[in-house]
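Keep the sequence open next to it.

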Amino acid sequence: MPDRTDPIESADDAGRDLYDVATWEPRTLLDRAAVTGYWTLTTGTKAFVIVLAAAILLGIGALGAFADPVIRVLTVLSIVPAAALAGYVRASDVTTTEPLSLLVATFLLAVLTATFAAVLNSAVTSLFGPFAGLGQVVFFFIVVGPVEETVKLLAVRLYAYTDVRFDAVIDGAVYGAIAGLGFATIENLLYISRSVDAVEMGISLAILGAGDGIAAVRAFAGPGHVIYSAFAGYYLGLAKFNPEHRGPLVLKGIAIAAVIHATYNSTVGIGSGLIGAVTGLGSFPSLVVYVLIFDGIFGFVLLRKIWRYRETYRAVHAEIDAETDPELTEFEE
């Protein structure tokens, strides 16, 4: 790692006061004002982002839709697989258990920041319409994938990333997975609310098959969001503990997540159609098979990264324990 001190500070052996020469800390009234101003600016920017996202959430009617018991139940049911996957990623954290307060905050922030993706995607989708199928693929890779993975990572960056309890690389994958769960929740809510006329049907009928099984369909879309953003989150964790490479690492994580995401969006229709043609399965069973294959492949790659971290963590700490307790080493031998 390169030396992060000025040449004067590195060479000084006399204990000189290098304030405002090669080092700095708040001493004067102007210094303290600068610190306060910077804190106000950064905190105010975060607050503005959150307030803007909340305003968009209200504007698109998401809270009103969630207030309806039918849509609420369907939404909760639709995120069960994604929640299970996010829970497994959290349980795989071999370091410390992440506090519930940070997990809940990340989930809620992802619900809010997801609205930015909804606005941006809607704003530019018409630009790709004239190009038919190819335009859709380009749209997925240039807009949908990068935008959605960025706003999910933003949910982690706004709060959990800056907290001292985000104290390991693997924490990035955990909070990324939770952000993916939050994003899937609001996305499923919007899809379901547009597909279900909750006023005209009873709750039992809605749960069983409203919107041509839209809740069941969305249940298989959710785990993908957890996988994509857990990848991006893992690299955000690497970025936090490798600040000299922070920018490239964050971009790498978003790029990986966006490409996987866009690949799924671009291939799910063709892939499930081919499975249906070969096996004779209906459209929904074919979709299920394709999603299980796709998410299974990339979920396994993600879990291998998590398992590698876990194994290395245990090996390193076993070596530390052996060095601090020689009798333990002799006993194991």
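Is Val 138 buried, partly exposed or exposed? Val 138 has 34% relative accessibility, so it counts as partly exposed (buried is under 20% relative accessible area, exposed is over 50%, and partly exposed is in between, with a 1.4 Å probe and protein chains only).

## Ground rules

This is a predicted model, so local features need pLDDT of at least 70 and side-chain atom pairs count only at pLDDT 80 or more, while totals for chains, interfaces and linings use all residues. Residues are numbered from 1 along each chain as its sequence is written, and side-chain values use heavy atoms, with hydrogens and water left out.

## The overall build

Along its principal axes, the C-alpha trace spans about 80 × 60 × 40 Å. Of the 333 residues, 41% count as buried.

## The largest pocket

The largest pocket holds about 750 Å³ and is lined by 32 residues, with Asn 121, Glu 148, Glu 187, Tyr 191 and Arg 218 nearest its centre. Two or more lining residues come from each of helix 6 (100–128), helix 7 (132–158), helix 8 (169–195), helix 9 (203–219), helix 10 (222–241), helix 11 (246–279) and helix 12 (283–324). Helix 6 has the largest share, 8 residues. By class, the lining has 20 nonpolar, 8 polar and 4 charged residues (nonpolar is Ala, Val, Leu, Ile, Met, Phe, Trp, Tyr, Cys and Pro; charged is Asp, Glu, Lys and Arg; polar is the others, Gly among them).

A pocket here is an open set of points on a 1 Å grid over the protein atoms alone, where a 1.4 Å probe fits, with protein on both sides within 12 Å along at least five of seven lines; lining residues have an atom within 4 Å of a point. Points are joined across faces, edges and corners, and the volume is the space filled by probe spheres set on them.

## A pair at the pocket centre

Two of the residues nearest the centre of the largest pocket, Glu 187 and Arg 218, meet in a salt bridge at 2.6 Å, N to O (a side-chain nitrogen of Lys or Arg within 4 Å of a carboxyl oxygen of Asp or Glu). Arg 218 sits in helix 9 and Glu 187 in helix 8, so the pair ties together parts 31 residues apart in sequence. Both count as buried: Arg 218 has 10% relative accessibility and Glu 187 has 15%.

## The second largest pocket

The second largest pocket has a volume of about 190 Å³. Its lining includes Leu 57, Phe 66, Phe 107 and Thr 185. Helix 3 (62–67), helix 6 and helix 8 each give two or more residues, and helix 6 gives the most, with 4. The lining divides into 10 nonpolar, 1 polar and no charged residues.

## The loop between helix 1 and helix 2

The count of salt bridges comes to 6. One of them joins Asp 17 and Arg 27 at 3.0 Å, N to O. Both lie in the loop between helix 1 and helix 2, so the pair ties together parts 10 residues apart in sequence. Asp 17 is exposed at 55% relative accessibility, while Arg 27 is partly exposed at 39%. Glu 25 links up with Asp 17 and Arg 27 in a network of salt bridges.

Asp 20 is in the loop between helix 1 (7–11) and helix 2 (29–59) too. Its phi is near 65 degrees, a positive value in a residue other than glycine. Most residues other than glycine have a negative phi.
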